[in-house]
Amino acid sequence: MQPETVLAGGRVVDGTGGPSRPADVVLRGDRIAHIVPPGTGHRTTGIGGGGPAEVIDISGRVLAPGFIDMHSHSDLAVLADPGHEAKVLQGVTLEVVGQDGLGYAPVTDDTVEELRAQLAGWSGTPDLDHAWRGIGEYLDRVDAGAPVNVAHLVPQGNVRMAVLGGEDRPPTDDELDRMRAIVARGMAEGAHGMSSGLTYTPGMYATDDEIVALLAPVREAGGYYCPHHRNYGSRVVESYQECLDVARRAQVALHLAHCHVNFPQNRGRAPEVLDAIDEATVRHGLDVTLDSYPYRASATYLGAPLPSWAQTGGTAATLERLRDPATRARILHEIEVEGTDGNHGVPMDWSAIVVTGTADPGLSWAVGASVAELAARRGREAGDLYMELLVKDELRSGCLLQVGNEENIRTIMRHSSHTAGSDGILVGAKPHPRGWGTFPRYLGHYVRELGVLSLEECVRHLTSRPARRLGLADRGAVHLGAIADLVVFDPDTVDARATYDEPRLPPVGIEHVLVAGEFTVRDGRRTDRLPGRSVRRERR
């Protein structure tokens, strides 16, 4: 007999956006077996072959579906860190990895080390064997036991690197066929779609026509396209429109990654982006969703603002250019005066870029301060100091970019296509607090304190809407027969505590988290359970 658990006396916010209701929820094994009036859950236990029940009083608390992180960089963390408290303590039960066109699968013997080096500022270099090559093999590793469930996207930059290396040129017809075959293999192995990172090398070298061609296997498998688009600054509206056009041409659903409208010149322009989405939805029948995180700062690796031409050929070639005085001067002119494609066409404000972590402990003096502040302390030109950091840390440093607009953040999170994605980078001495605070910050700051969303609507954004995008009928909502991925929280106290100064502080108010009916958090503390598994898309 399967054991039963009764979560008794709570208020169920079921994820659909409908009104909350008091109920007892009875779990049998990994599923929801009964939802009954409060005080009656214990009477259902044993019905249908259930084993002895444990009754847990959650009076005064909200019971909701587990939160789905639609934009995660936990690719290595879910394998290397059994605790994974950054996400588990937030109530996250499913993360989508393989984001921004770059990831750790699929890889080849020739690309695995280059990608590890390129992504060190996102994921660090934990002690893993990296023996897998395909997405299916990576997900098999997850199936051995993980802190959360994991879904995967095919990263377009990985695909391009496997065939073209770091070259900035169009593929031949044969090379394009080879890339399509890699995407098709990833989809067959359970990927939910394809991501792109069109401000990161080598994905940024692809034209829209190339992207459309690569999306053919995604369409055939019923997946979606998830672009980090080409420009969040000087051409932000036009770049979002390009994503809509690509999805329409490819006839695939679209999920816009970290949909923010950043930089001072774009203050108040979020409605233009949302109007374009609404028009594409109404006029062309496009299926569009998006995700965002509730913070003004963005985060990436420190070398991301470099112009694309300077990054051609990979890490070693980039470092060689940065060491050459004439080439370095050209790069700095483009960054500071012209605005590079790596910095979204906006000339660099050195006070807006903050170092979050370095791989070389000897550079720890740089962590937590902006490039402008560091240059002033050392009597240096900011651009020269920036270049020095890149070279000395071999492009492995991380950074924050303080370029967001609060009014745009609030406008976007109200939209009917909105979901949540932490975009959480969990490495570095002072990483972005979104990695530890995204989901409770929505519930505490934006729901309870500001009233930007109702509790029921916010939970819908965090649960059923992303589940629908992923095609998951048995997750993302509290209903009979659903997989028991659940979170119990106190609506009066739930909140993020992570800050830019102390980014790893755990949230408050989240008391229980269950994955497939097993407690990953109990009474606010991480258990030792690893019930997370891969969530693979079945081909339609």
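Strand β11, helix α11 and strand β12 form a right-handed β-α-β unit. The model is predicted. The chain then goes from β12 by way of helix α12 (residues 270-284) to β13, a β-α-β crossover that is right-handed. These strands belong to an open sheet of 6 strands with parallel pairing, in the order β9-β10-β11-β12-β13-β17.

**Sheet edges**
- At the edges lie β9 (154-155) and β17 (418-420), and each of them pairs on one side only.

**Pairing between strands**
- β10 (residues 193-197) runs parallel to β11 (residues 224-228), and 5 bridges join the two.
- Ser195 has Cys226 in β11 as its bridge partner.
- Between β11 and β12 the pairing is parallel, with 2 bridges.
- Here Tyr225 is found opposite Leu254 of β12.
- The parallel pairing of β12 with β13 comprises 3 bridges.
- Leu256 is placed opposite Leu290 of β13.

**Side chains of β12**
- In a regular strand, side chains alternate between the two faces of the sheet.
- In β12, Ala253 and His255 point one way, while Leu254 and Leu256 point the other way.
- Ala253, Leu254, His255 and Leu256 are all buried.
- Of these residues, Leu254 stands opposite Tyr225, and Leu256 stands opposite Leu290 in β13.

Definitions and conventions:
Residues numbered from 1 in each chain as written. Predicted model: local features only at pLDDT ≥ 70, side-chain atom pairs only at ≥ 80, totals over all residues. Heavy atoms only, no water. Pairing = 2+ DSSP bridges. Helix = DSSP H or I, 4+ residues; strand = E, 2+ residues; numbered from the N terminus. Buried < 20%, exposed > 50% of the residue type's maximum accessible area, 1.4 Å probe, protein only. Right-handed = clockwise from strand over helix to strand, strands pointing away.
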